[in-house]
Amino acid sequence: MEKNQFVILSSLRGNSRKNLTSMSRKTGIPVSTIFDRIKDYEKRVIKRHTSLLDFDQLGFDVMVHFILKVNNSAKEPVRDFLMRNFRVNSFFRINNGYDFMVEAVFSSMNDYQQFCDKLDSTGVKKKHEYFVLKEFKREDFLTSSAGFEYAGD
């Protein structure tokens with residue numbers, strides 16, 4: 001990728017609601033070029049446009065990260081349970097002796113416990129849980145605020 005491509009993507013990552021005119025002023029790239037590039041990126045590299053929410057303010061003040069080791073025969077049922085569950089915010093396949101990493105949000109410890117009871121009944125062999133006490137940084141890679149410097153410079 002060339003520098004202008006990273007500059008446009010960085011601007012989008014910082015604030016995807018910014019209008020093209022202000023992006024053009026900030027980057028020095030013509031509006032028509034930005035428009036064409038964004039349309040192309042939406043086909044190739046942009047998975048979706050979304051908003052980052054403050055879950056605490058919405059009443060979901062319990063956030064837990066799980067790493068899971070799952071019986072081979074249970075991998076598909078566990079994956080399906082996690083894919084369907086609305087409490088799961090992010091879900092990854094991992095390695096180094098574990099199968100999945102999950103970020104889930106809950107409105108209460110009771111809600112968390114009910115989720116764990118269902119999860120444990122699906123065939124999870126080993127589970128480590130990490131409660132998130134404070135979030136310092138999220139989705140900041142390749143954003144203007146992250147002070148991104150193009151590697152080609």
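Where does Asn 96 lie? Asn 96 sits in the loop between S2 and strand S3 (100-106). Keep in mind as you explore that this model is predicted.

**Backbone angles to look for**

- Most residues other than glycine have a negative phi.
- Asn 96 has a positive phi, near 60°, although this residue is not glycine.
- Asn 96 counts as exposed because its relative accessibility is 71%, above the 50% cut-off.
- Glu 139 also has a positive phi, in this case near 45°, and is likewise a residue other than glycine.
- You can find Glu 139 in the segment after S4, where this residue is partly exposed at 45% relative accessibility.

**Salt bridges**

- Side chains of opposite charge can pair when their charged atoms come close.
- The count for this model comes to 11 salt bridges.
- One of them joins Arg 13 to Glu 139, with the closest N and O atoms 3.0 Å apart.
- That pair links distant parts of the chain, as Arg 13 belongs to helix H1 (residues 3-14) and Glu 139 to the segment after S4, 126 residues apart.
- Arg 13 is partly exposed, with 36% relative accessibility.
- Lys 127 and Asp 120 form a salt bridge too, and their closest N and O atoms are 2.9 Å apart.
- Within this pair, Lys 127 is partly exposed at 22% relative accessibility, and Asp 120 is partly exposed at 41%.

**A salt-bridge network**

- Glu 103, Glu 135 and Arg 138 are linked in a network of salt bridges.
- Arg 138 is partly exposed at 28% relative accessibility, and Glu 135 is partly exposed with a relative accessible area of 42%.

**A buried asparagine**

- Asn 85 lies in the loop between helix H4 (75-84) and strand S2 (88-93).
- Asn 85 counts as buried because its relative accessible area is 11%, below the 20% cut-off.
- A polar atom of the Asn 85 side chain lies 2.9 Å from the backbone nitrogen of Arg 87.

- Met 109, Phe 131 and Leu 133 make a nonpolar surface patch of about 360 Å².
- Phe 131 is part of strand S4 (residues 124-132).
- With 37% relative accessibility, Phe 131 counts as partly exposed.

Definitions and conventions:
Residues numbered from 1 in each chain as written. Predicted model: local features only at pLDDT ≥ 70, side-chain atom pairs only at ≥ 80, totals over all residues. Heavy atoms only, no water. Helix = DSSP H or I, 4+ residues; strand = E, 2+ residues; numbered from the N terminus. Buried < 20%, exposed > 50% of the residue type's maximum accessible area, 1.4 Å probe, protein only. Polar contact = N/O pair within 3.5 Å; in protein donor to acceptor, adjacent residues only side chain to side chain. Patch = residues over 30% accessible without salt bridge, like charges linked within 9 Å, V, L, I, M, F, W, Y side chains within 5 Å. Areas by Shrake-Rupley, 256 points an atom, 1.4 Å probe, with all protein chains shown as cover. Salt bridge = Lys/Arg side-chain N within 4 Å of Asp/Glu carboxyl O.
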